[in-house]
Amino acid sequence: MIKRIAVYPGSFDPITYGHLDILTRGLEIFEKVIIAIANNIEKRSLFSVEEKKEMILEAINGNKNVLVDSFDGLLVDYVKRIGAHIVIRGLRAMSDFEYEFQMASMNRSLNPDMDTIFMMTSKDYFFVSSRTIKEVAAFGGSVSEFVPPLVEKRLKEKLLKR
Ligand code: ADP
């Protein structure tokens, strides 16, 4: 039973259709997916955890099979604490691979009960990252193809009124 739960961790700063594509495909395999917003990674976030949650909740539109949570500290500790065993990550390019390979190997050595599964990005989203979205939005470009409407709105509010 417990194996039917997967954790999808990340910074989600903000959530994009690339993330949502991985989520939707994850839900074909797992009964429940927990989106876990990492609270303490070295990357500086544009949005607070609360703001990220609001945008994610709007995007999942009441889907009962998705839970949204956040965690501090190590992912392996969080996964253990909630009794899950599987982590989902998305892969966009070779450049993702090296980092993800190191992280997955490190995590497995820290917690042998946890495993990471990787899903290849879709052709429509392989070039979409939260970082590029923020760059485009900061210069007033349209990102409506790549993020849900609320995310686009919040990006404009945050980046264009400075
Ligand atoms: P980013 O790397 O853009 O800051 P996150 O840390 O929030 O994004 O990413 C969480 C997970 O989602 C990572 O495994 C990342 O590779 C994956 N991901 C992000 N964007 C995409 C995308 N466009 N297609 C597939 N996977 C993605």
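Modeller: Happy to. Contact, as I use the word, means heavy atoms within 4.5 Å. This is a predicted model, so to speak of a local feature I need pLDDT of at least 70, and side-chain atom pairs count only at pLDDT 80 or more, while totals for chains, interfaces and linings use all residues. Residues are numbered from 1 along each chain as its sequence is written, and side-chain values use heavy atoms, with hydrogens and water left out.

Let's begin with R154, which lies in helix 6; helices (H or I, at least four residues) and strands (E, at least two) are DSSP runs numbered from the N terminus. Leaving aside neighbours within four places in sequence, R154 is in contact with F47, E54 and M55. Its side chain also joins that of E157 through a polar contact of 3.1 Å. By polar contact I mean a pair of N or O atoms within 3.5 Å; within protein, one must be able to donate a hydrogen and the other to accept it, and residues adjacent in sequence count only if both atoms are side-chain atoms. R154 and K52 are 102 residues apart in sequence, yet 9.9 Å apart in space, C-alpha to C-alpha.

Stepping back to the helices, two packed helices are described by the angle between their axes and the distance between the axes. For helix 2 (residues 49-60) and helix 6 (residues 149-160), the axes come within 9 Å and cross at roughly 150 degrees. Axes here are lines fitted to C-alpha atoms, for helices over the stretch in contact, with angles from 0 to 180 degrees between N-to-C directions. That crossing makes helix 2 roughly antiparallel to helix 6, a label for angles over 145 degrees. From helix 2 the contact draws on E51, E54, M55 and E58, and from helix 6 on L150, V151, R154 and K158. Sorted by class, this contact has three nonpolar, no polar and five charged residues. In that sorting, Ala, Val, Leu, Ile, Met, Phe, Trp, Tyr, Cys and Pro are nonpolar, Asp, Glu, Lys and Arg are charged, and the others, Gly among them, are polar.

Apart from neighbours within four places in sequence, V68 is in contact with I35, I37, K53, I56, L57 and I60. V68 and L91 are 23 residues apart in sequence and 21 Å apart in space, C-alpha to C-alpha.

For context elsewhere in the model, 19 residues surround the ligand, and the closest are Y8, F12, G90, Y125 and V128; a residue counts if one of its heavy atoms lies within 4 Å of the ligand. That shell has six nonpolar, eight polar and five charged residues. F12 sits in the loop between strand 1 and helix 1, and its phi is near 45 degrees, a positive value in a residue other than glycine. P14 is found in the loop between strand 1 and helix 1 too, and the peptide bond from D13 to P14 is cis, with omega near 0 degrees. Most residues other than glycine have a negative phi, and most peptide bonds are trans.

Conventions. Angles under 35 degrees count as roughly parallel, over 145 as roughly antiparallel, 65 to 115 as roughly perpendicular and the rest as oblique.
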